[in-house]
Structure formats: C-alpha cells, structure tokens
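Me: I have a model open here and would like to talk through a few of its features with you. Shall we start?

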Amino acid sequence: MELKDSISCLKGVGPRKSEALAKLNIRTVEDLMFFFPRSYEDRRCRKEICQLREDETAVIKAEIKLAVSDRYRKGRKQILRLLAADDTGTIEVVFFNAGYLQKSFKVGTEYVFYGKVSAAFGKLQMVHPDFSKDEGLTGIIPVYPLTKGITQKEMRTWQKTAGSLYDKAEEMLSEETIERNRLCSMEYALRNVHFPQEKQKLLEGKYRLVFDELMVLQTGLMAARQNSIDGRSGIAFSRQVSVDEYIGSLPYELTGAQKRCIGEINDDLESERIMNRLVQGDVGSGKTAVAEAAIYKAVKSGFQAVMMAPTEILAKQHYEGLKANFEAHGIKVGFLSGSMKASEKRAVQQDLRDGKIDVITGTHAIIQPEVEFCRLGLVITDEQHRFGVNQRIRLKEKGTNPNILVMTATPIPRTLAVVLYGDLDVSVIDELPPGRQPVKTRCVRNKMRNSCYDFVEKQLEQGRQAYVVTPLIEESEVMDVRSARQVAQELSEKFSGYNVALIHGAMKQQEKDEKMALFYKGEIDVLVATVVIEVGINVPNATVIVIENAERFGLAQLHQLRGRVGRGKYSSYCFLILEGNSEIAEKRCDIMEKSSDGFFIAEEDLKLRGPGEIFGMKQHGLPDLNISDLAKHLDILNHAKAEAKKIIEDDPLLRKNQNQQLKRRVIRLFGEDFSLNL
C-alpha cells in the first residue's frame with residue numbers, strides 16, 4: 001500500500017464505500033490520512049455502574065447476565081435487551097431494530113460499553129452504546145465527520161490501516177521553518193491527531209497541522225497577489241488632480257473614516273503600482289461617495305471608469321446618483337444593461353469606444369465581448385462577493401492593468417478580512433454619517449406576531465412602506481418555518497387596502513428588478529421576500545422590516561437585512577420574530593437589540609458560528625479548510641503568514657526544489673486552475 005493508491009485498496013472499501021468516501025473528498029490513501037477528526041471522546045476514565053448518573057456519557061465494563069430479543073411493530077422489528085452487571089450494580093443495554101447483534105453477545109462474558117445513560121421505569125439504561133470485547137473502546141477516541149453509508153467504526157478501522165504510512169508523509173516545510181516555529185514532525189502530528197495517547201500530544205500534533213494548512217492558505221493568497229498585481233506596472237493618475245475639488249463640491253461633510261479611505265485610495269492611484277483595494281463599510285456608511293472621489297480622479301486624469309453592480313436596479317440607482325453629482329464637473333455618465341434595446345446598447349458601446357462616455361455603470365452586460373473602452377483606468381465592483389472570480393477578471397481585462405476597487409457592505413470581522421481578501425489592501429469605513437438614526441430593533445415571540453403586524457399597519461397608514469423577510473419560498477415538510485408565499489397570502493388579506501407583493505430568488509432577474517422598481521417608486525406598500533433583498537436598493541420611505549423565523553439567520557445576515565430600512569428621515573424599526581428556544585438565537589437577538597455596529601456584530605457572529613457558515617467560503621473564493629478554525633487559530637495564522645511571506649519574497653513562483661511540496665499543497669487547496677498563478 002502506498003500514499004497515492006486508490007482508497008479501494010483498503011479492506012472493506014468496495015465500489016459503494018468508495019463512492020461514499022468520494023463525497024468526503026477521500027479518493028486515495030493520502031486523502032484519508034489528511035481527513036481529520038472533528039472532535040474526540042475521552043473514554044479513559046471507566047466508571048462502575050453504581051457511579052452512573054442520568055444524562056452522562058460514560059464507559060463501563062460489565063458482564064452479560066441475560067439477553068432477550070423481542071419483536072415489535074407487527075413482528076417486523078426486533079429489540080435486543082441485555083442485562084449487564086458489575087460488582088456494584090446492573091444496567092439494561094438496549095438495541096432497537098438490531099436483532100442481528102444478538103450473536104455478538106454471549107451470556108457470562110464481559111464487554112466494554114460506551115454510551116449515554118438514561119433512566120426508564122426506575123432503572124438505568126444505555127441505548128445503542130458502542131461496545132467491544134476488549135479495551136479498544138477506551139482512550140481518546142476520534143470522531144470523524146461522516147456521510148451516509150460510512151460508520152465511525154469503519155472510518156477508525158481504515159484510519160488505523162493508513163497509519164502504517166505516517167512515516168511516508170512528505171514534509172513540506174524546511175528544517176529551518178520547523179525549528180524556528182518549534183513544530184513537531186509530520187509523522188508525529190498525524191499519529192497524535194488521529195489516535196492521541198494523551199491530550200498534550202494531541203495539541204502538539206494539531207498545532208503542526210493547523211500551521212501547515214494556514215501557511216498553505218497564506219502562501220496561495222500571497223502568490224496570487226504577487227503574480228497578478230505586484231509584478232506589473234499600473235496606471236499612475238495625475239498628481240495635479242486633487243480629489244479635494246470634488247469633495248468640496250458635495251452638499252454634505254464627509255466623515256473622518258471616508259476621508260481616510262479616500263486618502264488611501266488617492267495614494268494608490270498616484271503610484272505606479274496597480275491599485276487592488278477593498279472598501280469595506282457598514283450599511284449607510286457612505287462607500288459610494290468614496291468611489292465617486294476615485295472616479296473623479298480617474299476621469300480628470302484622462303481615463304475612463306466603470307462601476308458594475310449585481311442587479312439592474314442597483315446599477316440604475318448608481319447611474320442616477322453619479323449623473324447628478326458629476327454633471328456640474330463635465331463628466332459624462334453612461335448606463336448599460338441586458339434589458340436595453342439592441343440599438344441603445346450599440347449607441348452606448350460606440351460612445352464608450354470613442355471616449356465620449358467617461359464613466360459607465362451597469363450589470364453583467366458590461367463584461368460582454370462587444371463592450372470596449374477607449375482608455376479604461378479604473379474598475380469598481382459593488383457588492384463584489386455577488387460576482388464570480390471569472391466575471392471580475394473579464395471586467396479587469398477590458399483595460400490594460402487598470403486600477404481595481406471593490407466595495408462591500410457585508411460586515412466582515414477585522415480579524416478575518418486579511419484572510420478572506422488576502423490579495424487586496426483593505427480600507428474600512430467604520431463611522432456612520434452624522435444624523436443617521438439607528439434602527440430600533442425588537443425581538444418578539446411567535447405569540448406577539450399579530451401585535452407586530454398591527455404596528456406595521458400603523459406605519460402603512462402614515463404612508464410608509466415595509467419589508468417582510470422569510471427564510472423559505474415554499475412551505476417545507478422538514479422545517480417548521482413560515483414560507484414567503486404563506487406570509488404573502490396572509491398579509492394580502494390582513495392589509496387588504498394596500499399593495500402586498502412577493503419577491504424571491506427563484507424569479508427571473510427581470511421580474512425581480514421590476515418588483516423592486518415598483519417598491520422603490522412607492523407602488524408596492526409591503527414587499528414580502530426571501531434574502532434576495534439582502535443587497536438591495538435605497539428606499540428612504542421603507543421604515544419597518546419584519547424578519548420571520550429570525551433563528552434561521554446568522555447575525556451578519558440579520559444586520560444586512562436590517563440595513564434595508566433606516567435610510568430616510570423617518571424613525572425605523574426591525575422586528576425579529578423567534579420560534580423555539582434556541583440559546584444561540586437568543587444571543588443573536590440580544591446582540592441585535594443592543595448594537596447597530598456591523599463590525600462588532602460580525603465579530604460576535606464569528607464567535608457563535610465560525611467563518612464557514614458566515615461567509616459561505618466558496619462564494620468568497622476561500623477554499624475549504626480541513627482542520628483550521630479561523631476564529632480560534634488567529635495566533636497560528638499570524639505565525640504562518642510570516643513564514644509564507646518569507647518564502648514568497650524569496651521564491652515568488654515557488655520554483656525552488658525545497659518549495660515543490662508546498663507548491664503541490666497550494667494547488668491542491670486552491671484547485672488546478674490556480675497553477676496559472678505559479
């Protein structure tokens with residue numbers, strides 16, 4: 001058996017098991033070796049039966065005194081009951097639908113059992129415990145993430161078989177790096193992460209594997225940046241053009257945070273290095289004004305700019321805002337979308353080629369092959385995580401090394417921004433404009449739903465508008481949650497004198513845009529929606545949002561949804577309707593009621609849920625991690641980042657012999673396409 005051998009070479013792994021393991025991305029013996037436990041069960045301390053307490057999980061050693069097999073459900077199912085005893089007492093061990101296990105137990109023989117203790121009819125029970133004739137159940141036992149068709153017992157057996165190859169696992173780090181960071185060997189790490197003899201050895205092994213994984217991650221991100229940006233000369237905009245001229249023309253005062261971000265962008269634009277910057281700001285923090293300052297700098301320096309938005313209505317809103325603000329400065333603004341007539345598109349495309357349009361806003365239509373620019377110098381994407389990597393690359397390639405600015409209102413913990421956007425410089429707008437009113441947030445139970453909607457009705461009577469958000473489009477047999485269709489129907493009856501409309505992700509984009517446009521114009525009073533409105537438009541007249549089954553949403557997502565209101569001069573409100581008694585949901589609601597700071601909320605969400613659930617890693621371009629937890633391992637991340645920086649500075653393309661194993665790991669983590677960066 002070798003590391004690269006198919007997983008089917010292991011005993012008990014046939015076609016069906018191979019197919020199931022493939023769902024866990026396990027195809028070779030090496031894949032299995034690097035498939036790590038998600039948790040551990042400490043079974044080192046064995047208890048006597050008299051010491052057992054209800055609801056605890058314990059290990060016991062007991063002799064089978066009696067074995068009885070009964071049938072139930074009209075004889076189709078079988079229940080196995082064992083009476084087990086040690087010197088201190090007895091316990092009943094029960095297996096449902098497990099008649100096949102009867103031959104596994106012999107009266108008069110001792111077995112080790114591990115399971116949760118319960119009480120029934122005045123006596124102790126263990127239902128479906130793990131069991132063994134020997135001491136194989138004791139120790140620190142790994143618990144692996146599984147898929148249908150694979151059991152923990154099978155996974156542990158296969159992992160023990162693969163353990164004979166631990167010494168053949170290649171070291172990707174140099175001896176110098178291992179010594180400098182006081183890391184254990186790879187063989188030691190693998191052995192003690194899969195089958196640790198003691199907790200300290202487990203911690204040492206896990207530290208090494210987390211370090212490796214985070215170093216591979218950081219090396220890949222740095223390589224992408226180094227080879228896509230740093231190695232090429234960019235467009236240096238004129239130092240004679242001052243963005244202060246534009247800032248001074250605005251009818252309002254910018255915040256200190258906006259001015260700081262504009263200064264960082266201005267420095268980038270005047271350098272010969274390609275700008276590759278993220279502007280991260282909470283809902284309503286004024287990112288658009290920052291982008292406008294960058295556009296002004298580009299156009300007055302003799303270049304064109306483009307701003308791409310994920311939806312037509314958001315792009316149109318940008319167009320109207322830019323046109324109004326730039327008209328006095330002689331800057332020509334254009335608009336391009338897929339819904340325009342062919343003749344209108346051709347006219348806009350011709351003006352772009354001729355340089356008659358200085359800045360264009362639009363949707364994906366901008367990245368079509370027929371769209372050409374005269375002298376593109378600045379590319380801006382709004383809500384950039386809504387676009388795929390290929391779409392952003394195609395937009396960037398419309399010019400020759402243009403400067404890149406991406407914007408997002410999705411709160412990202414500061415501790416993770418460097419990881420999620422490792423190839424970008426990050427500017428943070430962490431201050432809201434003066435006078436912006438925080439949205440009053442209240443958490444209500446299901447029984448208070450009617451009172452909540454009575455309040456909504458009062459807002460409608462005052463001429464205001466409302467959002468109602470649900471987690472699902474249709475009713476579900478699996479989840480007890482209110483669907484968008486169900487709520488829309490109920491509210492159409494309750495608010496019969498008002499226009500209630502439904503919008504959801506399954507609709508065609510054009511239909512969604514039309515509904516949003518009607519809501520924007522005030523022709524729809526109540527918009528019932530799924531999270532499709534999470535990134536929406538600015539509707540100052542919308543003053544209340546009700547989020548049904550709030551327990552189904554993460555903190556950061558709740559904050560994003562809440563940001564749909566509170567955009568005008570009127571007091572605004574957010575109601576979170578809770579079902580059940582989830583402790584995490586209670587904590588989320590408490591945080592939402594107390595804070596309107598998106599960055600604080602994102603940090604709290606990170607603590608509650610971890611980064612994977614918050615961001616949807618693939619959506620943000622970050623690969624899946626096997627053993628690292630970015631919320632818990634930030635200290636290791638910093639050490640790994642320092643090592644990755646040394647390697648990339650010395651060997652940007654990872655061509656040296658000592659970096660070949662690291663290069664293979666980087667490509668494995670990020671995918672084969674990433675090899676184009678190396």
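Me: What share of the 678 residues in the protein is buried?
Reply: This is a predicted model, where local features need pLDDT of at least 70, side-chain atom pairs count only at pLDDT 80 or more, and totals for chains, interfaces and linings use all residues. Numbering runs from 1 along each chain as its sequence is written, and side-chain values use heavy atoms, leaving out hydrogens and water. Buried means under 20% relative accessible area, exposed over 50%, and partly exposed in between (1.4 Å probe, protein chains only). For the protein, the buried share is 51%.

Me: Is Cys-45 buried or exposed?
Reply: Its relative accessibility is 58%. The cut-off for exposed is over 50%, so Cys-45 counts as exposed.

Me: How many disulfides does the model have?
Reply: A disulfide is counted when a pair of cysteine sulfur atoms lies within 2.5 Å. By this rule, the count is 0.

Me: How are helices H9 and H10 oriented to each other?
Reply: Helices here are DSSP runs (H or I, at least four residues), numbered from the N terminus. H9 (residues 287-300) and H10 (residues 312-326) pack at about 55°, with axes 12 Å apart; axes are lines fitted to C-alpha atoms over the stretch in contact, and angles run from 0 to 180 degrees between N-to-C directions. Angles under 35 degrees count as roughly parallel, over 145 as roughly antiparallel, 65 to 115 as roughly perpendicular and the rest as oblique. The pair is therefore oblique.

Conventions: Helices (H or I, at least four residues) and strands (E, at least two) are DSSP runs, numbered from the N terminus.
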